[in-house]
Amino acid sequence: MLSAKANCLCGAVKITANEINPKFTVCHCDACRGWGGAPFFAVQCGTQVEIEGSDNIKMYDSSSWASRGFCTECGTHLFFRFKQSGDYNMPVGLFKNLTELEMEMQYFSDQRPDYYCFSNKTKELSKAEIMTYFAKKV
Ligand SMILES: [Zn+2]
Ligand SMILES: [Zn+2]
């Protein structure tokens, strides 16, 4: 577990995450690609997250299981948060000084469009496999 600081483009929101898993996940699902215009490079940050300037965060209730937060001043995407566990997933690019990063897993590999692919060798989970995977964890 690593600790690192992140901030939005304008600096109105500053975040310190204390339980970062440097093995990050890429999500190709329709919602993530619609949200950011590209796949979501998501770093699992656990629940030990300190936020400065939370007045500048707008939450979007994107599904029954998670919300997405962004800065109301500059629009930077800040996190995807699971409602039940409170776990944060944050875009890898927000962290400027994070080391040991490794692309470990690709989610919704069956929703990845044909116009891009990564050469990184990672594990991949299709939508059906993800549903099974999370059903076991709950
Ligand atoms: Zn901002
Ligand atoms: Zn997604």
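Where is the place of Glu100? Select Glu100: it sits in the loop between strand 9 (88-91) and strand 10 (102-107). Strands here are DSSP runs of E, at least two residues long, numbered from the N terminus.

Before moving on, some ground rules. This is a predicted model, in which local features need pLDDT of at least 70 and side-chain atom pairs count only at pLDDT 80 or more, while totals for chains, interfaces and linings use all residues. Residues are numbered from 1 along each chain as its sequence is written, and chains are lettered from A and ligands numbered from 1 in the order in which they are written.

**Two positive phi values**

Stay on Glu100. Its phi is positive, about 65 degrees, although Glu100 is not a glycine. Glu100 counts as exposed because it has 9 C-beta neighbours inside 10 Å. The cut-offs: a residue is buried if 20 or more other C-beta atoms lie within 10 Å of its own, exposed if 12 or fewer, and partly exposed in between, with C-beta atoms placed from the backbone.

Next, select Phe108, in the loop between strand 10 and strand 11 (123-125). Phe108 also is not a glycine, and its phi is positive, near 50 degrees. Is Phe108 buried or exposed? Phe108 is buried, because 22 other C-beta atoms lie within 10 Å.

**Across the sequence**

Pick Pro113, which lies in the loop between strand 10 and strand 11. Pro113 is exposed, with 10 other C-beta atoms within 10 Å. Pro113 and Asp30 are 9.5 Å apart in space and 83 residues apart in sequence.

Select residues 66-71 and 77-82. These are strand 7 and strand 8, antiparallel and joined by five bridges. Strands pair if DSSP finds at least two bridges between them. Gly69 has Phe79 in strand 8 as its bridge partner. The two strands form a hairpin with five residues between them, and Gly75 in the turn has a positive phi of about 80 degrees.

Strand 8 and strand 9 pair antiparallel over two bridges. The bridge partner of Phe80 is Asn89 in strand 9. This hairpin has five residues between its strands, and Gly86 in the turn has a positive phi of about 80 degrees.

Finish with an open sheet of three strands, order 1-2-5, with antiparallel pairing. Its edges are strand 1 (2-7) and strand 5 (49-52), each pairing on one side only. Five bridges join strand 1 to strand 2 (residues 14-20). Zoom in on Ala4, which stands opposite Ala17 in strand 2.

Methods. Helix = DSSP H or I, 4+ residues; strand = E, 2+ residues; numbered from the N terminus.
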